[in-house]
Amino acid sequence: MKITKAILHILDKDSNQLIVSQSPLVLSEFSVKEYLNSVTKRLDKGEFKYGVLSESSEMMSYINGLDEEFVGQSQHIAQMVFDSMAISEDTPSGDLLVCILENDKLERFFCMIKFNYKPSYTHMVTYEDDMMLNNIILNKTIFPSTTQKIEECVIVNLDTKETKIIEKKYSFEGQKRLFFTERLLQIDPPPTVSEKLKIVKKAVKEVGKRYNEDEYISMSQTQQAIFESIESEGIIDTEKVAEAVFKDNHAAKDEYREIIIQTKFTEDIPENIPKYEKKYSKQKFKLDNGIELSIPSDVFNDQDTVEFINNPDGTISVIIKNIEDIMSRF
């Protein structure tokens, strides 16, 4: 992805000012180029929600006009964002980058990124009684670093109108609302992969607790089932989780399925499947005596390698077997 056109607007909620730029950024300037290059790299690592933006939406009317009047239409978009911020109790001030992206296939995308300010200390040269003083001040309008993940972003394919969103929740009239999808775009995307995993884990914990399942066992079985379904099918197979955790307990399975159905859960993983394969390829445990274990998922169920034993006194023993060599990771 490369940025072909960009403009920056200031959303200063603290002073109730929207300061719109009247000219695009000069992309050839070193500092601008370096920072925007870091932005496109960080976009590749973001975890997005997916939807389709309606042609009839107000936002799309401005997006469609960017080619003819980039500066003016970007100002309208900034005004939309600022107006929504103004009625929120806790949306932070920041800068809004509006840009056009292009990929290797020459597909074009609208993109807006909100850079929330990160307060940071710096020096300031002042004068007192004609004497120069190097002072320390708190600068409240510092951009996120070049390595910090993107917190709020919307990307729209200008041909297909497919939309990718990274967003946060803020308070509106005392209720937490998703800032982009609910307040600006009026679309209802499925959850992110991380949100889907939270849905599954919450459902397993909730049902497992009612049926006196040991949480460490049900969570490890859930992770194993998720890892296997991602590895073999590229999806989060909730039925495989039900079979692994609740086995022949049909009532527990039905309760688990009912909880999942009531959410916006979908099984697909839109992109970056290897990331989640790697993330769930090891089972990790922290024991109450301070010992931490990391067990590869492909040997987790092999009792010739590792075994969890419930002792009569209520304690648990972990036996690691058939070790030929031990290496320190110091």
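1. The lining of the largest pocket is made up of 14 charged, eight nonpolar and six polar residues. The model is a predicted one, and the notes should be read with that in mind.

2. The lining of this largest pocket comprises 28 residues. Nearest the centre of the pocket are Glu47, Lys49, Glu167, Thr192 and Glu195. The space in the largest pocket comes to about 730 Å³.

3. As for secondary structure, at least two lining residues of the largest pocket come from each of strand 9 (162-166), helix 4 (181-185) and helix 5 (193-210). Helix 5 gives the largest share, with three residues.

4. The second largest pocket holds about 530 Å³ of space. It is lined by 22 residues, and those closest to its centre are Tyr216, Lys284, Phe285, Lys286 and Leu287.

5. The classes in the lining of the second largest pocket are 11 nonpolar, six charged and five polar residues.

6. Four elements each contribute at least two residues to the lining of the second largest pocket: helix 5, helix 6 (215-233), strand 12 (282-286) and strand 15 (316-320). Helix 6 accounts for the largest share, six residues.

7. Helix 5 deserves a look in both places. It supplies at least two residues of the lining of the largest pocket, and at least two of the lining of the second largest pocket.

Key: Residues numbered from 1 in each chain as written. Predicted model: local features only at pLDDT ≥ 70, side-chain atom pairs only at ≥ 80, totals over all residues. Heavy atoms only, no water. 1 Å grid on protein atoms, 1.4 Å probe; cavity = no way out; pocket = protein on both sides within 12 Å on 5 of 7 lines; lining within 4 Å. Points joined across faces, edges and corners; volume = space filled by probe spheres on them. Nonpolar A, V, L, I, M, F, W, Y, C, P; charged D, E, K, R; others polar.
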